[in-house]
Amino acid sequence: MVYRLAYSYLGSTADAEDATQSVFMKLINAPRSFQSVEHEKAWLIRCTSNLCKDMLKSARVKRRDELPADMPDGSIRDAHEFDDVTQAVLSLPERYKDCVYLHYYEGYKTDEIARITDTPPSTVRNRLRD
């Protein structure tokens, strides 16, 4: 779940792996007690989301150049090929991406997404409808 969320934000296997590792290292280095499994899952989602947003703001990501499309075989590329739906989700603005990911990929209901993201339930429903 953490890796899929990171990948949906970052669109890169390597960056998603780095983010996943950072989230779990944060959990290991500063252990927390959770009220339930759902509370732990919500913390992991929130932590992953915040870390990915920070990574996207970083100078390293802003300065990274795209690889040319005609790069020879054997070059470093992400292993995943995107279908049209995945491409559409990845291209969504950040405020929609969380809601869409949590609802359609993780199966959360709008009230649960509202609690996880600290967003009013009506806002979550509007973002899913738009």
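Me: Where is Ser8 placed, and what makes that stretch a helix?
Reply: Ser8 sits in helix α1, residues 2-10. Helices are DSSP runs of H or I with at least four residues, numbered from the N terminus. This is a predicted model, where local features need pLDDT of at least 70, side-chain atom pairs count only at pLDDT 80 or more, and totals for chains, interfaces and linings use all residues. Residues are numbered from 1 along each chain as its sequence is written, and side-chain values use heavy atoms, with hydrogens and water left out.

Me: Why is Ser8 called buried?
Reply: Buried means under 20% relative accessible area (exposed is over 50%, partly exposed in between; 1.4 Å probe, protein chains only). Ser8 has 8% relative accessibility, so Ser8 counts as buried.

Me: What does the side chain of Ser8 reach?
Reply: The backbone oxygen of Leu5, at 2.7 Å.

Me: Which residues does Ser8 contact, leaving aside neighbours within four places in sequence?
Reply: With contact meaning heavy atoms within 4.5 Å, Ser8 touches Leu90, Lys97 and Tyr101.

Me: How far apart are Ser8 and Leu92?
Reply: They are 84 residues apart in sequence, and their C-alpha atoms lie 10.0 Å apart in space.

Me: Why does Lys97 count as buried?
Reply: Lys97 has 2% relative accessibility, so Lys97 counts as buried. Lys97 belongs to helix α6, residues 94-105. Beyond neighbours within four places in sequence, Lys97 is in contact with Ser8, Tyr9, Val89, Leu90 and Leu92.

Me: How many helices does the chain have?
Reply: Eight, with zero strands. Of its 130 residues, 34% count as buried.

Terms used
Helix = DSSP H or I, 4+ residues; strand = E, 2+ residues; numbered from the N terminus. Polar contact = N/O pair within 3.5 Å; in protein donor to acceptor, adjacent residues only side chain to side chain.
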